[in-house]
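Let's take a walk through a protein fold together, one step at a time. Please keep the sequence and the 3D view open as you read.

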Amino acid sequence: MDGAGADVSKLREHNSLSVVRAMRGQPPATVTELAGRTGLSRPGTDVVVRGLVTDGWVKVVEPDGSTVGRPARRYRFNADAGHVIGVDIGAHKILVLLADLEGEVVRSHRVPVEPEADPAVRLAAIDTAITECLDAAGMRPDRIWAVSVGVTGPVDATGRTTLFTPLPGWASVSLAEYLSARFSCPILVENDCKLAAVAERWKGVAQDADDIVYLLAGMRNGAGLILDGTLRRGYGGAAGEIGALKEVRWLRAPSHLENCPGVPAGVHPDDRAAWVFEQAREGNPEARAALRRYVKDLAIGAAALVLALDPQVVVLGGGFSRSADLIVHPLEHELGRLCLRVPEIRASTLGADSVALGALRVALDHVDASLFADGMPAPLTR
């Protein structure tokens with residue numbers, strides 16, 4: 001191809017990218033509206049849009065009959081041209097979310113797993129959850145453009161949790177290698193707290209913030225950090241793992257709830273914290289004292305992060321966020337004693353889906369970076 005032809009091809013590709021970016025995340029638009037968003041001429045935009053329709057990247061939205069006369073044809077990005085998967089590998093469950101290229105969740109599937117399960121059992125549960133999710137959607141693995149997975153523990157550059165993980169034997173698992181036998185797309189592995197922080201900025205209570213500390217509050221405490229709008233992993237993937245410092249008291253904090261006096265013998269160990277929260281609401285003095293001790297210990301690590309990072313927002317997430325009415329105000333009080341400035345504390349509303357949602361966002365970001373940053377991919381098979 002001569003120089004002039006190459007220049008024309010590059011210009012066409014650039015204009016196609018401009019139109020696609022103007023469509024993504026937006027309602028269906030006319031050619032005139034797209035021309036206004038991109039700065040291209042209307043005839044030029046019309047040519048680009050028609051080409052994108054032919055290649056399968058854009059769909060025509062048929063009129064719904066609500067307007068009088070001949071309506072202008074509208075177009076939308078073909079979000080179902082590809083899909084991404086987000087997986088949360090927890091101690092008690094495997095959660096799989098399947099989403100289109102706009103991040104709309106189209107299917108989800110959850111499989112329970114025992115905390116003491118060995119890697120083979122947990123991997124089998126992952127296989128089951130992914131298979132049933134894909135089957136329910138009628139989706140083949142080759143239609144998945146990225147898979148992102150959240151695991152417990154710091155994740156290094158290889159995708160392993162070699163520094164620490166409470167999942168038995170999991171440090172020996174190469175999840176990316178395992179899933180690559182099934183998927184030809186990129187496999188991304190990240191720490192669960194970090195993914196939950198991403199989810200809060202994407203769809204949660206911190207959408208207006210660029211500097212966020214996410215606190216995982218539960219029978220395990222952890223943190224995820226977003227600074228200047230960017231997830232911070234650290235050199236070895238261990239950013240935010242402040243609980244590893246025993247003086248911070250995050251390791252012992254849940255024991256105040258587990259060992260609260262008065263918990264009936266018939267209450268399962270996994271349900272003791274819920275019993276304490278319920279009793280604290282009813283004014284039980286022993287439960288309220290146990291809760292105060294838990295919050296004091298949680299506040300030590302939270303204060304260290306707040307003093308180091310000065311975030312706009314602290315998000316209270318994890319299982320205990322369901323009892324945020326009992327935690328937020330005492331935590332604010334403790335931070336007021338320990339910090340120069342107390343950021344706003346907000347309770348997560350994403351529930352148990354937060355890690356998998358964050359995984360979806362990371363997968364979508366990877367798709368955007370690899371497919372839409374440097375040029376349009378080849379036409380789709382429709």
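Two strands are said to pair if DSSP finds at least two bridges between them. The elements themselves are DSSP runs numbered from the N terminus, helices being H or I runs of at least four residues and strands being E runs of at least two. This is a predicted model, in which local features need pLDDT of at least 70 and side-chain atom pairs count only at pLDDT 80 or more, while totals for chains, interfaces and linings use all residues. Residues are numbered from 1 along each chain as its sequence is written, and side-chain values use heavy atoms, with hydrogens and water left out.

Let's begin with the whole chain. The protein chain has 11 helices and 13 strands, and its C-alpha atoms fill a box of roughly 75 × 45 × 45 Å along the principal axes. Of its 382 residues, 49% are buried, where buried means under 20% relative accessible area, exposed over 50% and partly exposed in between, using a 1.4 Å probe and protein chains only. A contact means heavy atoms within 4.5 Å. Among the contacts with a separation of 6 or more, 67% are between residues 24 or more positions apart.

Strand 9 (residues 212-216) and strand 12 (residues 313-317) run parallel and are joined by 5 bridges; Val213 has Val314 of strand 12 as its bridge partner.

Helix 10 has another neighbour to visit. Which residues of helix 8 meet helix 10? They are Phe277, Ala280 and Arg281, and they meet Asp325, Leu326 and Ile327 in helix 10. The axes of helix 8 (residues 272-281) and helix 10 (residues 324-338) come within 10 Å and cross at roughly 75°. The two helices are therefore roughly perpendicular; angles under 35 degrees count as roughly parallel, over 145 as roughly antiparallel, 65 to 115 as roughly perpendicular and the rest as oblique.

Next, find strand 8. Is it buried or exposed? In strand 8 (residues 187-191), 5 of the 5 residues are buried, so the strand is largely enclosed by the rest of the structure. Ile187, Val189 and Asn191 point one way, while Leu188 and Glu190 point the other way. Strand 7 (residues 144-151) pairs with strand 8 in the parallel sense over 5 bridges, and Val147 has Ile187 as its bridge partner there.

Finally, turn to an earlier part of the chain. Thr30 lies in strand 1 (residues 29-30) and counts as buried because its relative accessibility is 10%. Leaving aside residues up to four places away in sequence, Thr30 touches Ala72, Arg73 and Arg74. Helix 2 (residues 31-38) and helix 3 (residues 42-55) have axes that come within 9 Å and cross at roughly 110°, which makes helix 2 roughly perpendicular to helix 3.

Notes: Axes are lines fitted to C-alpha atoms, for helices over the stretch in contact, and angles run from 0 to 180 degrees between N-to-C directions.
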